[in-house]
Structures are given as structure tokens and as C-alpha cells.
Amino acid sequence: MLGILYAFIGKSQLQVNYYSSSCPKAEEIIKQQVTVLYHEHGNTAISWVRNLFHDCVVKSCDASLLLETAHGVVSEQTSERSFGMRNFKYVNTIKAAVEKECPLTVSCADIVALSARDGIAMLGGPSNIEMKTGRKDSKESYVGVVKDLIPNHNDSISSVLSRFQDIGVDLEATVALLGAHSVGRVHCMNLVHRLYPTVDPTLDPTHASYLKRRCPTPNPDPKAVEYVRNDLKTPMIIDNNYYKNILQNKGLLTLDAELATDPKTAPYVQKMADDNGYFNEQFSRAIVLLSENNPLVGDEGEVRKDCRYVNAI
């Protein structure tokens with residue numbers, strides 16, 4: 001009960017434009033950096049969305065994800081759940097630009113949240129997400145619990161719904177959040193079980209043939225560049241094509257297939273497939289809910305000077 005109370009107090013202390021007096025240009029600087037990085041490396045925008053998910057689902061939106069293995073800390077990035085995550089070095093680029101303007105003022109946790117918001121806009125998703133700020137950074141990594149708290153690519157839909165519900169993301173918002181699968185790619189490692197030794201009968205046969213060409217062996221090398229794009233039509237745009245694809249049995253993951261057929265989620269999937277405006281509205285709401293999970297505020301955390309390391313005492 002106390003945990004829920006603290007989470008509520010933390011949420012209620014976040015506010016829009018938290019840095020309006022302490023660092024008025026903070027959000028503008030972050031947006032500029034996200035934009036420049038997007039034009040240099042388009043996939044950075046996808047990384048910012050994934051960072052928000054991986055950071056916030058594990059205990060708190062507190063940039064614990066960004067800590068590297070050093071000084072007795074073991075990084076969450078070493079967990080198998082972090083497989084395929086990249087572009088962490090560019091978070092340091094954003095942080096350096098903000099530090100230059102306002103030293104030790106803007107937290108890495110808020111950079112994770114704001115870069116996700118701005119990355120979503122760069123990817124053609126909703127551009128009006130009202131992201132509150134005021135989070136503090138954790139002084140520890142939670143590597144020991146990452147595997148328990150971050151759903152696996154191929155977990156059942158019921159376990160994924162329950163995990164999100166635990167952090168205050170409701171059913172409709174969870175269906176919307178999974179729409180982030182409309183961008184990015186999936187490593188063959190995470191989908192070959194649907195292709196070999198026999199093709200999953202719930203997969204569209206033509207799409208399955210395409211997937212087998214992309215993933216020609218049942219034992220792909222995790223280090224090889226063997227990927228399939230989530231959405232072939234608009235691979236770099238956050239839109240409702242994801243829902244159209246899964247309704248046509250073209251989802252890559254077991255989770256995608258279940259989302260389209262589970263009686264609890266199917267009506268939302270159909271509605272999102274039919275109406276991109278409704279999807280955008282729910283996706284915005286879901287991102288805000290996710291970003292406000294159990295934030296550290298006040299003296300509970302710190303503002304790291306370098307997102308990779310806890311401040312020296």
C-alpha cells in the first residue's frame with residue numbers, strides 16, 4: 001500500500017514545463033538534438049521509444065537503463081531483454097548539449113522521456129504528447145529483476161496485459177502501446193519458432209514464405225544482421241498499419257497474433273486498424289501513463305552529470 005502511495009505522490013509531483021525557470025531552453029535543446037540525430041541516423045528515434053519502455057517498465061522511469069557496468073554497477077543493458085538495443089551513445093550527445101546550457105539541472109530520466117516524445121513526432125506519430133517532467137535519476141541498476149519485469153517478445157497476451165496493468169497502463173492503452181511495433185524490426189531469433197520445423201498455421205502463408213526468405217535457418221546467429229521489418233509498408237512511421245497487419249495474420253511475434261484474436265483485445269485492435277486518429281489518441285495517452293510510472297522525485301534520486309554513471313559522492 002505504501003508503495004502505491006509513494007508512486008502516486010511521485011506522479012503528482014511531476015509537472016509540465018518543470019524546467020521553465022531552472023533551464024528554460026531544456027526541452028528545446030533536447031528536441032533540436034533528437035531532430036539532428038534523426039536526420040543523421042533515422043533509427044535513433046526508434047531507440048528513444050524503446051528506451052522509454054525498457055526504462056519505465058523496470059521499477060521506475062529513472063534512467064536506471066542508461067547506467068553502464070562500472071564502479072560496482074552491473075548494467076541493465078547486459079540483460080537478454082536488452083538484446084538489439086542500441087544508440088545509447090547518442091543519449092550522451094543529448095545530455096552533453098543540455099549540460100552545456102544548464103549543468104546538473106536536467107535529469108537523464110527526463111531526457112529519456114522527452115527524447116521519446118520528440119522521437120515519436122519525428123516518426124510521424126502524435127506530435128502533441130503532453131510530457132511532464134521533474135523525474136530524478138536512480139543511483140542503482142535493477143539488472144537482477146529486468147528479466148522478470150520486461151515482457152518477452154513471445155509472452156502470452158494475458159501475461160503482458162497483467163504486467164502493464166501492474167504499472168498503471170490499462171487494457172486499451174496497452175493495445176495502443178503495442179502499436180510501437182509498427183516501426184523498427186525483429187531479429188530472426190525471436191520469430192524462427194513460428195517458421196521451423198513447421199510454419200505456425202496462424203501465419204499468412206505468403207507472408208510466412210517471405211519471412212523464411214529473410215530468416216532462412218532455424219538457428220540464426222544472434223550477432224548476424226538477420227532482421228525482419230515490423231511493417232513493410234511504412235517501416236519508419238508510427239501508424240495503425242500494425243493493427244491492419246495483425247488482422248491479416250502478418251504479425252511477427254506470437255504476442256502480435258494473440259493480440260488480434262484475444263476476445264479482450266480484439267475489439268480495440270479492430271478499432272485502431274479502422275481509425276488512425278483514435279490510435280494516435282490512445283497511443284499518446286499510453287505513452288504518458290508509461291512515462292509516469294513510479295518516478296523518483298525530490299531527494300529520492302539525483303541528477304546525474306553523466307547518464308552512464310552514478311555521481312561520485
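Trainee: Where does Glu302 lie in the chain?

Mentor: In this predicted model, Glu302 is in the segment after α13 (276–291).

Trainee: Is Glu302 buried or exposed?

Mentor: For that, look at the relative accessible area: under 20% counts as buried. Glu302 comes out at 13%, so we call it buried.

Trainee: And what is Glu302 in contact with, leaving aside its neighbours within four places in sequence?

Mentor: Lys136, Asp137, Ser138, Lys139, Val310 and Asn311. Take Lys136: 166 residues separate it from Glu302 in sequence, but C-alpha to C-alpha the two are 5.3 Å apart in space. With Asn311, the Glu302 side chain reaches the backbone nitrogen at 3.0 Å.

Trainee: On to the cysteines. How many disulfides does the structure hold?

Mentor: Four. To spot one, check for a pair of cysteine sulfur atoms within 2.5 Å. Cys108 and Cys307 make such a pair, with their sulfur atoms 2.2 Å apart.

Trainee: Which hand does the link of Cys108 and Cys307 have?

Mentor: Read the angle about the S-S bond: here it's -95°, and the link is left-handed. Cys188 and Cys215 have a torsion of about -75°, so that disulfide is left-handed too. For Cys23 and Cys102, the angle is 85° and the link is right-handed.

Trainee: What pattern do the disulfides of the chain follow?

Mentor: Count the bonded cysteines along the chain, and you get 1-4, 2-3, 5-8, 6-7.

Key:
Residues numbered from 1 in each chain as written. Predicted model: local features only at pLDDT ≥ 70, side-chain atom pairs only at ≥ 80, totals over all residues. Heavy atoms only, no water. Helix = DSSP H or I, 4+ residues; strand = E, 2+ residues; numbered from the N terminus. Buried < 20%, exposed > 50% of the residue type's maximum accessible area, 1.4 Å probe, protein only. Contact = heavy atoms within 4.5 Å. Polar contact = N/O pair within 3.5 Å; in protein donor to acceptor, adjacent residues only side chain to side chain.
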